[in-house]
Amino acid sequence: MRIRSDILKATASEKGVAREQLAQAVERDALKGVRAVRAINNWMNGKDHPRCRAEDMTKLAGALGVARKDLAKFVSQVKYHRGSPRKASLITDMIRGKSVNDALNMLSFTTKRAAVDVKKALNAAIADAELAEADVNKLVVCESRVDQGPRMKRFQPKDRGRAHPIIKCFSHITVGVAEKGTKKRSAKKA
């Protein structure tokens, strides 16, 4: 679960809540005073450092007067997928922006090998959203990307003592879902 910076900014400005008030709401042992203000600034700018915990998200939602699921996006990752990032990104590009039901149908009937791991990541993100009591029928794939992982190097022996390199790629697949609502539209207008 990660915080949606655009919704946090829009809701804070709409409700007239200052960053210092939000920092006071999320104060804990590790986040006090200036550190809490820096954390709020980072979260509003889209950086997830320090990591926003579930308890921080609950306190922010309470201070803003909204539900926790409105501020959250639910992200899941499959690391070390045995396939190149270029081939896996074809699948992630296909489901980005689609509703969860449409994305699951597309992944079920796709013949690409990466579709299995993308579907696994999508199902994990949906399960996280269900735990936070989000409406599954309103979930949309808001983030889907593939990052390059490590490379495994092998060699194929050839004639006259030569060797040809074989590079086997890995990739990290990230899929995030968020509840579609009217808040995002009002954030774009402002």
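This is a short tour of the model above, one selection at a time.

**Start with the whole chain.** You are looking at a predicted model, so colour it by pLDDT before anything else. The chain average is 89, and 95% of the residues score at least 70. Now select residues 182–190, where pLDDT stays under 50. The model has ten contacts beyond four places in sequence for this stretch. Where pLDDT is low, the predicted coordinates should not be read in detail.

**Next, the sheet.** Show the strands as a cartoon and you will find an open sheet of four, in the order S1-S2-S4-S3, with antiparallel pairing. Strand S1 (2–3) and strand S3 (139–157) are the edge strands, each pairing on one side only. Strands of a sheet pair through backbone hydrogen bonds, either parallel or antiparallel.

Select strand S2 (residues 72–81) together with strand S4 (residues 163–179): the two run antiparallel and are joined by six bridges. To see one of these pairings, pick Val 78 and look across to its bridge partner in S4, Ile 173.

Then move over to S3 and S4, again antiparallel, with 16 bridges between them. Here, pick Gln 148 and you will see Ser 171 of S4 standing opposite. Follow these two strands to their hairpin, where five residues lie between them. Within the hairpin, Arg 160 takes a positive phi near 55 degrees.

Which strands does helix H8 touch? Select residues 114–131 and you have the helix, packed on the sheet and touching S2, S3 and S4. The direction of H8 makes about 150 degrees with that of S2.

**Look inside.** The largest nonpolar core has 47 residues.

Zoom in on Leu 60 and leave aside its neighbours within four places in sequence. What is Leu 60 in contact with? Around Leu 60 you will find Ile 3, Leu 8, Leu 22, Val 26, Ile 40, Trp 43 and Leu 71.

**Finish on the outside.** Select helix H1 (residues 5–15) and find Glu 14 in it. Is Glu 14 buried or exposed? Glu 14 has 53% relative accessibility, and because the cut-off for exposed is over 50%, this residue counts as exposed.

How values were computed:
Residues are numbered from 1 along each chain as its sequence is written. This is a predicted model: local features need pLDDT of at least 70, side-chain atom pairs count only at pLDDT 80 or more; totals for chains, interfaces and linings use all residues. Side-chain values use heavy atoms; hydrogens and water are left out. Two strands pair if DSSP finds at least two bridges between them. Contact means heavy atoms within 4.5 Å. Axes are lines fitted to C-alpha atoms, for helices over the stretch in contact, and angles run from 0 to 180 degrees between N-to-C directions. pLDDT is the predictor's confidence in each residue, from 0 to 100. A nonpolar core is a set of buried Ala, Val, Leu, Ile, Met, Phe, Trp, Tyr and Cys residues joined through side-chain atoms within 4.5 Å. Buried means under 20% relative accessible area, exposed over 50%, partly exposed in between (1.4 Å probe, protein chains only).
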